[in-house]
Amino acid sequence: AVYEQSCEAYRHQGKTSGFFYIDSDGSGPLGPLRVFCNITEDKIWTAVQHNSTGLTRVQGAGPEKPYTMSFNYNSSAEQLEAIINSAEYCEQEAAYHCKKSRLLNTPNGMPFAWWVGRANEKHLYWGGSLPGIQQCACGLEESCLDMRYFCNCDADREEWTNDTGLLAFKDHLPVTQIVITDTNRSNSEAAWKIGPLRCYGDRQFWNAASFNTEASYLHFPTLHAEVSADISFFFKTTAVSGVFLENLGIKDFIRIEISSPKEITFSIDVGNGPTEATVQSPTALNDNQWHYIRAERNLKETSLQVDNLPRKVLEAPAEGHFRLQLNSQLFVGGTASRQKGFLGCIRSLHLNGQKLDLEERAKMTPGVKPGCPGHCSSYGNLCHNGGKCVEKYNGYFCDCTNSAYEGPFCKAEVSALFEAGTSVTYTFQEPYPVTKNASISSSAIYVDAVMSKENIAFSFLTAHTPSLLLYINTYFHEYLAVILSKNGNLQVRYKLSKDGLLIFTIDSGNFANRELHHVKINREGRELIIQVDQVLKLKHNFSEIDFKAIKSLTLGKVTDSLSLDPEVSKANAYGFTGCMSSVQYNHIAPLKAALRHPSVAPVTVKGSLTESSCASIMEADVNTATTIYSSSDPFGKTDEREPLTNAVRSDSAVIGGVIAVVIFIIFCIIAIMSRFLYQHKQAHRNSQKKEKEYPENLESSFKADIDLQNTVSECKREYFI
């Protein structure tokens, strides 16, 4: 097998949404299939497109002449069944828009429309209903337009309505055909849509068993691998040695074991004496981390692969026995002698493309438990930018709550466009009651509220100076400000009650150059470190730091500007105009809070704040800078409020094209005839007319060019500043 067996496997390689080939049975007979893996924060969806996922219009179909559409998924039925069977959940959307076109209700009980699923089986229920119940979703919910019927369309009304829902009974999927028979009456019309096959959850990828004693094992039927064997699995352990699996014959055998902390051995004997393929790791493999093993044997060679280490290959002898003859049960996690058993976890065990259900067998075996905890120890490094790895029974997920980023790995930036005057203010909870006339003596109540550190990170893109990027103030009129000065230098300004005003200037270039810059300001105790674009720019040690009782953090313009010093006040005149991204202050993400949780977070937005992508704006040209791209599933849903928009669009385009061609031909004929009949008479008049109108046409054309240039210039100013 060249490709992974599921989208889940690609996700745990750190991949993001996109098209991938998956090979559900590994080295089995089924070939790979191209799918779309929609990797979200909570689920990993596998989508298989077919040849007609758009809304399709139907007219003129009756019982004698039914409308039929068959679906082609560019795959075999066996490939689709393998994807469905290995998933936890699958669905296909079924939508039927109708105007005087019935769906399921008929006098004799036979529906007017139906669909065909797996094994060419005909189904008489619709999306949102259950197998065996000839109803639609509204029938189950008791919400149909006419309560005498179990589908909205069965009310047979003159106005448009629809029945839409999900087909989610896995054994009936995928939908292979749809048949419609009630659009041949006067004013009768319908439009249908069957969505792509969508599944989530790999039942095998996290299928694991924990072996708690050396004498414990799982047993399965004999491995049939006379001429070829392909074995793969993950393991993790703290033991120095142990047998992963073993199958014996009278003389022949096959065994895979961890023979030492840094050594994996694949042993096999087909009657010519034992052959051993060994892979040695430079680091210990009993580190309680997940490791991957793939062992293969065929008539030409025996091979062993461990993680991404070099593959060990042994050529098969030219003569002698070649059939592996086994007759005992297959032991997993131990041996027939109950010695050298394995302590640890094994998961996702595949033998010749077949998946072994370790969890189900472990439920009835003493000394073995289904499942295996501790996935974050192996996959926690996939959670970035302060994201926290959270254990699940069958895997893990990255909690991005305290990160300025989002997405399945907390790597997707959260950014927005600021206009002149835009202000985003995050208000901190008061540590103690504060009065407006707080005296110096009252500072004692803030002794526990002194901030021991500031970890600030953000990215920005602008062409405006001066600018106020970030402003943090306290209840004691101390502040931290990050500004761009008039010449484009970056300034970090601390005003402290004891040290007074401290200004740190980064003058390594003009930062208002319409490029994306990354700023990190870290203070631990008295030590301050400033990085710009991943380069260390400044280190400073404060004599004493007493930055305490944080009141608020503002991005852009500070609305309460009475206490600002003159230099910060100049930068605050227009605030910040441009794009700001992934703002982090300690464990708080104020920009993300403003965009994602504006109603619950203590954040106030004034002025225009538009979500966008700073990186896309920097890379895009003028024509594409205003486009906001979506990373969701490309097989989008049609707007149901206008059910025939897409269906009629193609017809309208054809009719409009024909009319345009006819009008053009008529116009040409008239022009040629006019020119032929009045050639001599009109020639003189046309020449005079051209002489008079040419300057006007030239001026009009020139004005149009100027207007176009102004439009482009305005577009640049709007999205790059």
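The entries below take the salt bridges and then the disulfides.

**Entry on salt bridges.** I noted before starting that this is a predicted model. I looked up how many salt bridges there are, and the count comes to 19. I then turned to E189, which forms a salt bridge with R57, the closest N and O atoms being 2.6 Å apart. This pair links distant parts of the chain, since E189 lies in strand 11 (residues 189–194) and R57 in strand 4 (residues 56–58), 132 residues apart. Is E189 buried or exposed? I found that E189 counts as buried because its relative accessibility is 8%, under the 20% limit.

**Entry on a network.** I looked up which residues are joined through several salt bridges, and found K100, R102, D156, D182 and R185 linked in a network. Within this group I checked D182 and R185, whose closest N and O atoms are 3.2 Å apart in a salt bridge. D182 is buried at 2% relative accessible area, whereas R185 is partly exposed at 27%.

**Entry on E611.** I next looked up E611, which forms a salt bridge with R596, with 2.7 Å between the closest N and O atoms. Here E611 sits in strand 42 (residues 609–612) and R596 in helix 7 (residues 590–596), so the pair, 15 residues apart, links distant parts of the chain. Both ends are partly exposed, E611 with a relative accessible area of 35% and R596 with 28%.

**Entry on disulfides.** I reminded myself that a disulfide is a covalent bond between the sulfur atoms of two cysteines. The count comes to ten disulfides, and I followed up some of them. C345 and C372 have their sulfur atoms 2.0 Å apart, and with 80 degrees about the S-S bond their link is right-handed. C345 belongs to strand 24 (residues 344–351), while C372 is in the loop between strand 26 (368–370) and helix 5 (376–379). I found both C345 and C372 buried.

**Entry on two further links.** The disulfide of C376 and C389 is left-handed, with -90 degrees about the S-S bond; it joins helix 5, where C376 lies, to C389 in strand 27 (residues 388–392). Which hand does the link of C383 and C398 have? With -85 degrees about the S-S bond, the link of C383 and C398 is left-handed. C383 is buried at a relative accessible area of 11%, and C398 also counts as buried, at 2%.

Conventions. Residues are numbered from 1 along each chain as its sequence is written. This is a predicted model: local features need pLDDT of at least 70, side-chain atom pairs count only at pLDDT 80 or more; totals for chains, interfaces and linings use all residues. Side-chain values use heavy atoms; hydrogens and water are left out. A salt bridge is a side-chain nitrogen of Lys or Arg within 4 Å of a carboxyl oxygen of Asp or Glu. Helices (H or I, at least four residues) and strands (E, at least two) are DSSP runs, numbered from the N terminus. Buried means under 20% relative accessible area, exposed over 50%, partly exposed in between (1.4 Å probe, protein chains only). A disulfide is a pair of cysteine sulfur atoms within 2.5 Å.
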